[in-house]
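Student: I have a protein model open and would like to go through it with you. Could we begin with a single residue and then turn to the whole chain?

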Amino acid sequence: MIIVAGEALIDLVPAGPATDDELPALLPRRGGGPYNTAVALARLGSPTAFCSRLSTDHFGEALLRALTADGVDTTLVQRGPEPTTLAVAHIADGGSATYTFHAEGTADRLFRLPAALPAAARAISFGTCSLALEPGATAYEELLRRASGAGLFTALDPNIRPGLLPDADAHRARFRSWLPRTTLLKLSEEDAAWLAQSADVTAAVDEWLASGPYAVVLTRGGAGLTVRTRDGLELSVPGVDVDVVDTIGAGDTVNAALLHRLDHHGALTATPAPTADQWRDVLTFAARAAALTCSRAGAQPPYASELGEAEPRPAGR
């Protein structure tokens with residue numbers, strides 16, 4: 001089982017372009033980086049559990065129903081009466097999305113460290129707002145430390161949201177503290193540049209690898225993906241040409257596809273060592289999955305059948 005730990009929220013996505021006189025209507029869509037990653041993993045056929053705290057409001061109920069429908073185990077989902085976090089999306093002409101968050105006093109911020117993870121857990125994934133917003137961030141950090149200490153494969157996608165980070169330098173330092181507990185670090189070129197405080201991230205990636213992760217995967221939008229490993233491998237694959245509707249959830253789909261395909265190669269261990277050919281397969285699979293997500297509105301990761309794999313069977317069916 002792969003555990004995905006982090007926030008679930010509602011994206012408010014424009015229904016159409018804004019005009020000089022009127023703002024566009026906003027459509028609610030289920031989202032949050034970890035939530036999207038959990039859904040994508042389940043759709044690809046990986047046994048998946050979501051570890052988070054959801055509101056008991058109607059948005060929280062909708063988030064929970066959708067997890068169940070896609071076969072995600074929700075045993076580790078905590079509940080609370082506080083409202084659901086909202087993220088208002090702005091879609092640029094090229095399909096890229098930026099967000100304004102309404103996260104004060106919301107349910108997911110009050111996440112508590114669970115007593116234990118399922119015995120079947122072999123890997124756990126972290127990222128995005130959940131690692132930036134207290135008091136939940138400290139609980140997720142402790143979960144990362146505990147999982148790493150237990151020998152689980154740990155994946156981290158920092159997915160930087162500057163608007164949520166009042167002290168950028170403190171967050172950069174906090175990010176570095178996670179690296180000794182991280183097996184796979186995946187991040188976009190933009191996030192890497194923000195963390196490195198430089199457009200040239202080569203030296204920073206070297207530093208990050210030396211701090212603990214076995215591998216760093218950089219996503220480069222339409223240009224594809226690159227992996228660098230602690231044992232000296234560097235390999236890139238191109239992106240997949242697609243008519244981009246928007247990029248919402250593309251990075252989360254990459255997270256899921258990497259974990260799913262690494263598992264296919266038996267590499268979800270505390271000491272993975274995929275070959276160059278296996279890494280090429282993993283990155284190519286992730287590029288294909290992300291392209292499908294970009295070809296439709298909102299975070300709608302592909303199902304296994306869309307990528308030529310056997311269709312997953314939702315829990316209870």
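**One residue, then the whole**

Tutor: Leu 76 has a relative accessible area of 13%, so Leu 76 is buried (buried means under 20%, exposed over 50%, partly exposed in between, with a 1.4 Å probe and protein chains only). The model is predicted: local features need pLDDT of at least 70, side-chain atom pairs count only at pLDDT 80 or more, and totals for chains, interfaces and linings use all residues. Residues are numbered from 1 along each chain as its sequence is written, and side-chain values use heavy atoms, with hydrogens and water left out.

Student: Where is the place of Leu 76?

Tutor: Leu 76 lies in the loop between α2 (58-69) and β5 (77-80). Helices (H or I, at least four residues) and strands (E, at least two) are DSSP runs, numbered from the N terminus.

Student: And which residues does Leu 76 touch, not counting residues up to four places away in sequence?

Tutor: With those left out, Leu 76 touches Ile 3, Phe 50, Cys 51, Ser 52, Pro 114, Ala 116, Leu 117 and Pro 118, where contact means heavy atoms within 4.5 Å. Between Leu 76 and Leu 117 the C-alpha to C-alpha distance is 8.1 Å, and they are 41 residues apart in sequence.

Student: Changing topic, how many helices and strands does the protein have?

Tutor: There are eight helices and 13 strands in the protein.

Student: What share of the residues is buried?

Tutor: Of the 317 residues in the protein, 54% are buried.

Student: What does the C-alpha trace span along its principal axes?

Tutor: The trace spans about 55 × 45 × 45 Å.
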